[in-house]
Structure formats: C-alpha cells, structure tokens
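Please read them with the model open beside you.

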Amino acid sequence: MKMNWTSFVAVVLLTFGVAANAAQDIRIYTADNQGGKINPVGIEKAFGDAGFYVTGINNMNIPFDAKYKKHPHELYYLMTVHKKDFVNKIVKKYPEMALFTPLSMSIFTRNGDKTISISSMSANGISKITGIPADNADLAAYMKDVADTLAKALPNGKFENLSYKIGKPEGEIVQRFTMEMDVKDDEIEDEAEGIQEELEAGLETGGFVVAGFNQLADGFAEAGNNTYDFFDVYSICKVPVIYTVSTTHPEAGAFAPCTLYMYKKKGDPLVHFAYPSIYNWISSIDVVDKESKEVLLKAQNLMNNTLDEVTE
C-alpha cells in the first residue's frame, strides 16, 4: 500500500505521541526515578538556574496528613514559576497572561511507583483561557523554555502521551468582576490596599490559602510599561479541593494554585478582577466523579461570593 507524505507524517506524529498531545490543555513530563535522585529541591534549583522566578513550592502532603491523616500520593508538591522578561513583554499586548503568572505545576510520584512527574499547562490550554494565539511566538518560546528546563530537571524524561477527551466547558472558563475606583490619584494606593485587605479577609473566611502574591506593575514599570496604577496577582489554593481532585488526578496541579488578578489602568476608574474557573479543570482533564465536581463548584461559589462582596 502506498502512503502519501501527509499520511506518513501523521503516522510518525502518532508514534511519538505528538498527535495525541497536540490539542491537550495540559502536559505531563515523566522520568524514571528508581534511585530517588530526582527531588523537588533539585527541580526548584533547575528552574532557578534557568532564570525562572520560583514564587512557591509547597509539600502538600503536610497539610493533607494534618487534615486527613493520609495522602493520596507518595510525593505531591505544588510549584509556581514565571519569567519576568517574558511576562513584561507579553502582557503589553495580552494582559490575560496574568492568569498564568505564575505558571502552576504539580510534582508527584504515585504510591508504589518509581517515576516522578511534573504537570503544567500547554500552549493550547493557556490559549483557550487567555485568548493568546497558541502559535504566538512569545508564548511558544516560553513553552519551549519550560520544556527545556523540565528536561534538565528530570533527566531522561519525556512528555506523556495524553488522550483526554476535551469536553465543552459547562460554564464560563474565566470568572470576571469589576468595580469603580473613583478617587484622586494620590489616594489610589491606599484604596488598593483597602481592597486587598477586604479580599484577603474574605478568602481566609472562605477557607482559601494565599500561596503567593506578586505586584506585577512594579516589574512592568521597570521595563518601561507604565500602563497600570497597580496590577497584582494572588496564587490561591484550597486544601480540600486539591486533595479531593488530586486523589484521582494528580496532574490537576497544572490548575492549582489558581491565579486571581486585580488591576487598574491609569486614567481608567475600573478595577478588573479575574481568575480561571473550575470548568477548565472539569473539561480539560476528564474530571467526572461527583465528589470532585462538588468540591470544585463549592470552592468557586465561595470565591465568587467573596469577589461579589469586594466589588459591590
């Protein structure tokens, strides 16, 4: 049987798992770790050495054991990273990239397994949520940078061949809120701090943990971008959510902690808030069990109630 060039390429791509991964929203990089030489400390160092800013790396088995007296996986860490030069550049045109600044990852070893894996978002997943074209040159370069660093952190590893059935989201994939800040320029900083205090109090009441906070506008200003009065991002986690979902989907750490941004442009009275919704988790990694869906929806309702109160 003759095979044309298109068919040949398709077979090659399928053989190496590229076709199956092409439209996936996350990616999982896995390496053999029978000797146990690969660990979160070394992974953090690899990203730091590659110029990434590691905003957080947390051993989730500690809160899992404290709350549930057990943990689903032998090793489970959540890590968040970003590169300031990339963020400063791409946010000028695509401020929605802040929804993945920092970029979340889970580092995990399943019980009884001899491998170690790192999950993170793919260009396709970021594109779907932010509206940045998946083939955007800056985004593609960033994804390659992440992949190259994963290869250094996990020697002899490779991306898994994923085949999640990507479903249609059951609701809005980004939750958005706005409020008006009608104050004089010299009052903006104090007003922003007041909003942050109310937001953080509401999150704490709802049982959320603020795993990180970053004032992106400072970096933008250093790079010559003075568009914003403030542009702040929170990394937010809720232990019952990640515990429940990660039990069957350890790769869910690609979505957690989630990033909540708040920003105000100079000369514009509106303050914008947004975070990626839980419908991304459900549709992107085949979350189908009732318990996981319920805990995700409950957390989103609590988050939305908090933002409703802040922005009313």
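**Notes on a sheet and its cavities**

1. Helix H12 contributes the most residues to the lining of the largest cavity, namely four. Helices and strands here are DSSP runs, numbered from the N terminus, with helices (H or I) of at least four residues and strands (E) of at least two. A cavity is a set of points on a 1 Å grid over the protein atoms alone where a 1.4 Å probe fits but cannot get out, and lining residues have an atom within 4 Å of a point.

2. Before going further, please note that this is a predicted model, in which local features need pLDDT of at least 70 and side-chain atom pairs count only at pLDDT 80 or more, while totals for chains, interfaces and linings use all residues. Residues are numbered from 1 along each chain as its sequence is written, and side-chain values use heavy atoms, with hydrogens and water left out.

3. The largest cavity has a volume of about 190 Å³, a volume being the space filled by probe spheres set on the points, with grid points joined across faces, edges and corners. Its lining consists of 18 residues, and the closest to the centre are Phe208, Cys258, Ile278, Trp281 and Ala299. At least two lining residues come from each of S9, helix H10 (239–248), strand S11 (270–276) and helix H12 (290–311). By class, 15 of the lining residues are nonpolar, two are polar and one is charged, where Ala, Val, Leu, Ile, Met, Phe, Trp, Tyr, Cys and Pro count as nonpolar, Asp, Glu, Lys and Arg as charged, and the others, Gly among them, as polar.

4. The second largest cavity holds about 70 Å³ of space. Among its 13 lining residues, Phe100, Phe255, Pro257, Cys258 and Pro276 lie nearest the centre, and strand S10 (258–265) and helix H11 (279–284) are the elements that give two or more residues to this lining. Nine of the residues that line the second largest cavity are nonpolar and four are polar, with no charged residues.

5. Seven bridges join S7 to S11, and threonine 178 has histidine 272 in S11 as its bridge partner. S9 pairs with strand S8 (residues 209–215) over six bridges, and with S10 over eight bridges. Within these pairings, valine 210 is partnered by isoleucine 236 in S9, whereas tyrosine 234 stands opposite leucine 260 in S10.

6. Why is S9 described as largely enclosed by the rest of the structure? The reason is that nine of the ten residues of S9 are buried, that is, under 20% relative accessible area with a 1.4 Å probe and protein chains only.

Methods. On a 1 Å grid over the protein atoms alone, a cavity is a set of points where a 1.4 Å probe fits but cannot get out, and a pocket is an open set with protein on both sides within 12 Å along at least five of seven lines; lining residues have an atom within 4 Å of a point. Buried means under 20% relative accessible area, exposed over 50%, partly exposed in between (1.4 Å probe, protein chains only). Two strands pair if DSSP finds at least two bridges between them.
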